[in-house]
Amino acid sequence: MVETKENLRKQFLEKRDWLSADWIEIASKQIRKNLGKIEQYRKAQTIACYHSTGSEVKTHEIMQEILSHGKTLALPRVEGESLVFCKVEKFEDLEKGEFGIMEPKQYCKTVDRFDLIIVPAVAMTRTGQRLGYGMGFYDRFLAGKKTPTIALAYSKSIAKNIPHENSDVKIDIILTEDEIIHSEKG
């Protein structure tokens, strides 16, 4: 039986939503430590990230670390069918957006160039195939970009296969609490 993206998404989200808050906190800290081992992250001056919500890998400390090192933090704002990344200098620059996710306020300046892009994932394969939330925002945003990408995911979110289309963009590095996976992208 061939799994559909919708079925896989539902299965992985249900599994993830059963994780305890304590487990998520511990795993997120380990993922943050693994992120610190990545040279592209350490050298990057302008980093696109996301504001975690629900059972996603927590990004608050990652964002705080980026800001405290004097680097440029860019977070997405939904505008129509697109993600627009804007510079965030402090957490007060955020407000609840269209999907209930914290995003930059209107006065935040747009950022077009990044040294690194950190993306959320519902599930990932070792080959860099990403399963998102099904709306295509990140695939549209990443299309044609050469900037290195990192997905943050729990080890329980690594799938053997994910159905994919030509519009799906592969991710360079997958970070879990257990390992750093350099995908076979390309």
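Here, buried means under 20% relative accessible area and exposed means over 50%, with partly exposed in between (1.4 Å probe, protein chains only). This is a predicted model, where local features need pLDDT of at least 70, side-chain atom pairs count only at pLDDT 80 or more, and totals for chains, interfaces and linings use all residues. Residues are numbered from 1 along each chain as its sequence is written, and side-chain values use heavy atoms, with hydrogens and water left out.

**View 1. The buried side of helix H2.** Look for Ile24, Ala27, Ser28, Ile31, Asn34 and Leu35, the residues that H2 buries. They sit on the same side of H2 because they cover an arc of only 115° around the axis, going by the directions from the helix axis to the C-beta atoms. An α-helix has 3.6 residues a turn, so residues three or four places apart point the same way.

**View 2. The other face of H2.** Turned away from the buried side, this face carries Asp22, Ile26 and Lys33, which are exposed.

**View 3. What H2 packs against.** The partners of its buried residues include helix H3 (39–43), helix H4 (60–68) and strand S6 (116–120). Strands S9 (149–152), S10 (173–175) and S11 (180–182) are also packed against by those residues; contact means heavy atoms within 4.5 Å.

**View 4. H2 from end to end.** H2 runs over residues 21–36 and reaches 23 Å from first C-alpha to last, close to the expected 22 Å, a span worked out as 1.5 Å times one less than its number of residues. Helices (H or I, at least four residues) and strands (E, at least two) are DSSP runs, numbered from the N terminus.
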